[in-house]
There are 2 protein chains.
Amino acid sequence: MSKGLDHETLNENVKKVQYAVRGELYLRASELQKEGKKIIFTNVGNPHALGQKPLTFPRQVVALCQAPFLLDDPNVGLVFPADAIARAKHYLSLTSGGLGAYSDSRGLPGVRKEVAEFIERRDGYPSDPELIFLTDGASKGVMQILNSIIRGSSDGILVPVPQYPLYSAAISLYGGSLVPYYLEETANWGLDIKNLRQSVVQARSNGITPRAMVIINPGNPTGQCLSEANLKELLQFCYQENVVLMADEVYQQNIYQDERPFLSARKVLLDMGLPMSKEVQLVSFHTVSKGYWGECGQRGGYFEMTNIPPQTVDEIYKVASISLSPNVPGQIFLGLMVNPPKPGDISYLKFVQEGKSVLESLRRRAHIMTNGFNSCRNVVCNFTEGAMYSFPQIRLPPRAIEAAKKLGKVPDVFYCLKLLEATGISTVPGSGFGQKEGVFHLRTTILPAEEDMPAIMESFKKFNDEFMEQYEDHTGYSRM
Amino acid sequence: MSKGLDHETLNENVKKVQYAVRGELYLRASELQKEGKKIIFTNVGNPHALGQKPLTFPRQVVALCQAPFLLDDPNVGLVFPADAIARAKHYLSLTSGGLGAYSDSRGLPGVRKEVAEFIERRDGYPSDPELIFLTDGASKGVMQILNSIIRGSSDGILVPVPQYPLYSAAISLYGGSLVPYYLEETANWGLDIKNLRQSVVQARSNGITPRAMVIINPGNPTGQCLSEANLKELLQFCYQENVVLMADEVYQQNIYQDERPFLSARKVLLDMGLPMSKEVQLVSFHTVSKGYWGECGQRGGYFEMTNIPPQTVDEIYKVASISLSPNVPGQIFLGLMVNPPKPGDISYLKFVQEGKSVLESLRRRAHIMTNGFNSCRNVVCNFTEGAMYSFPQIRLPPRAIEAAKKLGKVPDVFYCLKLLEATGISTVPGSGFGQKEGVFHLRTTILPAEEDMPAIMESFKKFNDEFMEQYEDHTGYSRM
């Protein structure tokens with residue numbers, strides 16, 4: 001007789017989950033690393049793992065919060081600046097017992113207030129701390145909202161394709177249906193509203209009702225920044241279709257061009273005025289893991305709810321209570337991110353310089369990478385306008401596709417595995433994000449150290465061009 | 001037309017969740033606190049919120065890990081001891097990029113190895129780090145395992161009643177059925193195996209198949225320590241019934257008597273030998289939130305799997321990957337908990353003395369509280385053998401029950417609300433944990449500062465005895 005945790009008796013939704021970012025490629029890369037091979041992990045947006053240094057000021061503040069006894073130490077001023085000491089005292093005063101005490105399940109009220117003030121400065125509209133919930137990273141918030149919306153397989157969630165696999169995985173886990181809408185690669189991964197409407201018609205004809213729509217802005221894995229016109233169109237769509245908008249805006253600080261600055265879905269919605277500004281249900285997500293912070297391991301994030309009824313907010317609060325509270329150090333990081341040092345503070349100049357240096361380098365790396373990919377045979381790549389990824393299209397020759405099929409591999413998995421074995425570069429195949437039929441991509445982060453970037457791109461080009469040479473049809477030549 | 005996050009259209013399982021620990025009583029207490037009333041929060045086991053100081057050594061180590069630039073500062077030795085500096089270097093060497101980098105989704109391999117060594121020292125049997133997953137607190141691990149097991153409402157989870165509401169809440173959220181088995185208050189909250197078997201028969205007759213069984217040892221809210229004989233019986237039961245055992249052992253360091261030391265379910269299982277030791281599926285949970293650590297806000301925990309098939313372990317790994325990684329500082333706390341300072345280390349004596357002082361004081365507080373409750377009119381209370389709670393039975397007079405019903409309140413909620421208004425003591429009504437029909441309890445932690453304890457118990461007694469005076473039947477007197 002089978003047991004509760006035997007594989008055949010597990011929850012089918014758990015088994016259906018696919019999660020490519022840490023899938024076959026990642027597992028093979030980990031094996032190779034164990035065997036002593038040098039691996040360049042570009043599969044996850046994990047900047048510190050690739051050498052990015054943490055910002056000094058926030059780390060000083062959180063270190064002091066962890067060691068509050070230092071605040072009474074006469075030598076503390078020798079190793080910590082006065083403004084970090086003052087900020088640590090401020091955050092400790094917002095807790096009820098320091099970092100070791102559970103906070104309210106929505107997060108510390110004082111930090112939620114700082115988040116609301118940040119949102120107001122950013123968007124020009126007031127924000128209510130009671131509608132902001134802090135989370136252990138943005139992913140946990142996304143999962144909680146999806147779990148609240150999805151009742152069964154006839155509930156559809158509109159997800160951009162290519163998409164970040166958090167969405168497909170969580171939708172599978174909660175038993176809903178993913179309704180893909182394709183981004184237009186030839187229009188720099190823009191959103192085509194006609195395409196979106198077709199997806200809805202298609203879903204309805206399959207008995208699926210779209211109840212929410214995800215946007216990722218700037219895009220992951222596609223790197224585009226949505227224009228104001230695009231955001232207006234899609235908000236209009238959400239209004240007409242009664243669809244909740246889930247705005248994944250975790251890369252809002254990662255912008256590498258000046259034509260299209262980041263605009264929050266919330267600002268655009270409120271700019272559109274009544275009746276829409278009071279009607280469209282919107283949940284917006286942000287994190288300390290990205291931007292010039294990259295504090296992934298600290299797991300700090302928040303979501304803000306707009307036009308969500310109070311009874312629903314109460315239900316979300318109740319479910320958040322089951323796991324008691326998000327981690328408190330991560331909440332402090334979030335407070336520091338939304339309320340950084342100000343001009344005149346002792347640490348201001350150093351903080352600004354550290355952040356600027358990260359972002360400027362990322363902008364240069366975005367260019368190096370896009371140019372590098374576009375110099376390769378059968379590779380075309382849009383510029384990374386924002387976020388942390390490059391998503392080149394790899395035009396695999398028919399013979400490469402056949403070779404992959406013989407091995408029972410998806411063609412882009414075949415390509416990425418060969419790339420990994422040849423160069424140590426660990427990427428994620430485009431099939432893990434979804435792509436149009438017969439078109440192949442890979443995703444890589446733009447995070448390797450700037451000084452390593454030329455060598456990495458050279459190594460990629462050498463592999464790719466040899467691969468293409470090997471698999472392209474040379475029958476023309478052989479006939480000669 | 002209704003929208004995706006309107007209350008009436010939410011996932012019904014979300015709406016069904018009940019979570020009393022932060023329910024009506026907690027909300028009312030928070031309101032009163034806002035109005036300026038002094039509240040003694042004894043509703044959650046949150047020691048630092050009630051004044052318990054963090055252990056110095058682990059905080060020093062984690063502070064240094066947060067501020068790695070201090071390791072090169074010539075003044076660091078003025079504020080941190082050498083062994084904390086060495087330990088910080090050790091943990092940083094286990095990360096790939098410090099605390100700001102995501103770890104493997106199962107947690108840092110080096111910390112999982114330290115956990116395995118701790119388990120081996122504790123139980124006398126080797127433990128495999130590949131079967132240990134680190135989590136953001138134990139609750140998250142419990143939720144993940146339940147989500148893996150539960151397929152629908154015909155899947156039953158055996159849960160002790162009174163129970164910790166994490167279990168009832170998570171089972172509702174995932175759409176399973178809670179199958180209660182009652183603990184015996186008159187046998188110091190021991191587990192009666194006949195009662196357990198009756199629960200199974202009852203569940204089966206309702207079309208529910210028990211697939212897992214939860215034990216909480218030491219008990220929450222009941223405070224009992226399970227005897228070896230009890231553990232053997234229930235393991236035998238799990239073997240016969242093909243039921244996964246989920247052993248919530250988060251209070252394993254909180255023991256306040258010497259007759260029944262903590263025994264892990266895993267040790268007892270492996271002691272029982274073949275075939276059981278290779279057959280019973282067991283998942284054991286632990287945390288940094290309890291013990292003499294009480295580092296609730298850091299959200300560090302782990303679960304260890306015994307006799308779980310590798311394919312299932314892979315599925316659990318995949319689902320853990322969706323939210324990328326548990327918070328890394330919490331993982332370091334866990335490493336420090338399972339690998340504390342050793343005799344001869346600079347910080348050893350201070351560390352041991354701090355821990356001992358917490359535990360000895362908790363033991364004294366357990367006595368003060370039990371004795372205090374037992375001195376009250378119509379209150380009887382078992383001694384808190386372990387964990388952090390006291391769970392007195394309140395024998396409510398019929399007129400109090402009537403008065404509650406008139407207000408539409410559950411009788412123990414009525415009592416606890418009156419207690420809160422009169423004294424500021426914020427407890428959780430027994431109905432939030434489950435109790436036998438017509439019997440009433442409350443749960444309080446034993447965590448208020450030892451010096452405040454006599455006054456708290458006096459204030460409780462004054463309220464209780466007046467309440468009983470008010471609601472007891474005095475018709476005998478009035479006839480005189």
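This is a predicted model: local features need pLDDT of at least 70, side-chain atom pairs count only at pLDDT 80 or more; totals for chains, interfaces and linings use all residues.

A pair of aromatic rings is described by the distance of the centres and the angle of the planes. The rings of A:Tyr415 and A:Phe463 have centres 5.3 Å apart and planes at 65 degrees, so the pair is called edge-to-face.

Over all chains, the structure holds 34 aromatic pairs. Another of these pairs is made by A:Tyr292 and A:Trp293, whose ring centres are 6.3 Å apart and whose planes meet at 40 degrees, so this pair counts as tilted. A:Tyr292 is buried at 15% relative accessibility, and A:Trp293 is buried at 1%.

Let us now step back and consider chain A as a whole. It has 19 helices and 15 strands, and its C-alpha trace spans about 85 × 60 × 55 Å along the principal axes. For 480 residues, a compact globule would have a radius of gyration near 23 Å, and chain A has 23 Å, so the value agrees with that expectation. Of the 480 residues in chain A, 66% are buried. If we take the contacts in chain A with a separation of 6 or more, 72% of them are between residues 24 or more positions apart. The accessible surface of chain A comes to about 17300 Å², and carbon and sulfur atoms account for 53% of that area. As for charge, chain A carries 49 positive and 51 negative charges, and their mean positions are 2 Å apart.

Next, I would like to turn to the backbone. Most residues other than glycine have a negative phi, and most peptide bonds are trans. With that in mind, where does a residue other than glycine have a positive phi near 60 degrees? One such residue is A:Asn307, which lies in the loop between strand E9 (301–306) and helix H13 (310–322) of chain A. A:Asn307 counts as partly exposed, because its relative accessibility is 24%. A:Trp189, which is not a glycine either, has a positive phi of about 60 degrees, and its place is the loop between strand E4 (177–184) and strand E5 (190–191) of chain A. A:Trp189, however, is buried, at 3% relative accessibility.

There are cis peptide bonds to point out too. The bond from A:Val161 to A:Pro162 is cis, with omega near 5 degrees, and A:Pro162 lies in the loop between strand E3 (155–161) and helix H8 (165–173) of chain A. In chain B, the bond from B:Asn220 to B:Pro221 is cis, with omega near 10 degrees, and B:Pro221 lies in the loop between strand E6 (209–216) and helix H10 (228–241) of that chain.

Finally, please look at two glycines. In helix H11 itself (residues 265–272), the buried residues include A:Val268, A:Leu269 and A:Leu270. The other glycine is A:Gly330, in helix H14 (residues 328–338) of chain A, and it is buried at 1% relative accessibility. Which residues is A:Gly330 in contact with, if we leave aside its neighbours within four places in sequence? They are A:Gln298, A:Arg299 and A:Gly300. From C-alpha to C-alpha, A:Gly330 and A:Gly300 are 4.2 Å apart in space, although they are 30 residues apart in sequence.

Terms used: Residues are numbered from 1 along each chain as its sequence is written. Chains are lettered from A and ligands numbered from 1 in the order in which they are written. Side-chain values use heavy atoms; hydrogens and water are left out. Helices (H or I, at least four residues) and strands (E, at least two) are DSSP runs, numbered from the N terminus. The radius of gyration is taken over C-alpha atoms; the globule rule is 2.2 Å times the number of residues to the power 0.38. Buried means under 20% relative accessible area, exposed over 50%, partly exposed in between (1.4 Å probe, protein chains only). Contact means heavy atoms within 4.5 Å. Accessible areas come from the Shrake-Rupley method with a 1.4 Å probe; for residues, only the protein chains shown count as cover. Lys and Arg count as positive and Asp and Glu as negative; His and the chain ends are not counted. The place of a charge is taken as NZ of Lys, CZ of Arg, CG of Asp or CD of Glu. Rings of Phe, Tyr and Trp (its six-membered ring) pair if their centres lie within 6.5 Å; planes under 30 degrees apart count as stacked, over 60 as edge-to-face and the rest as tilted.
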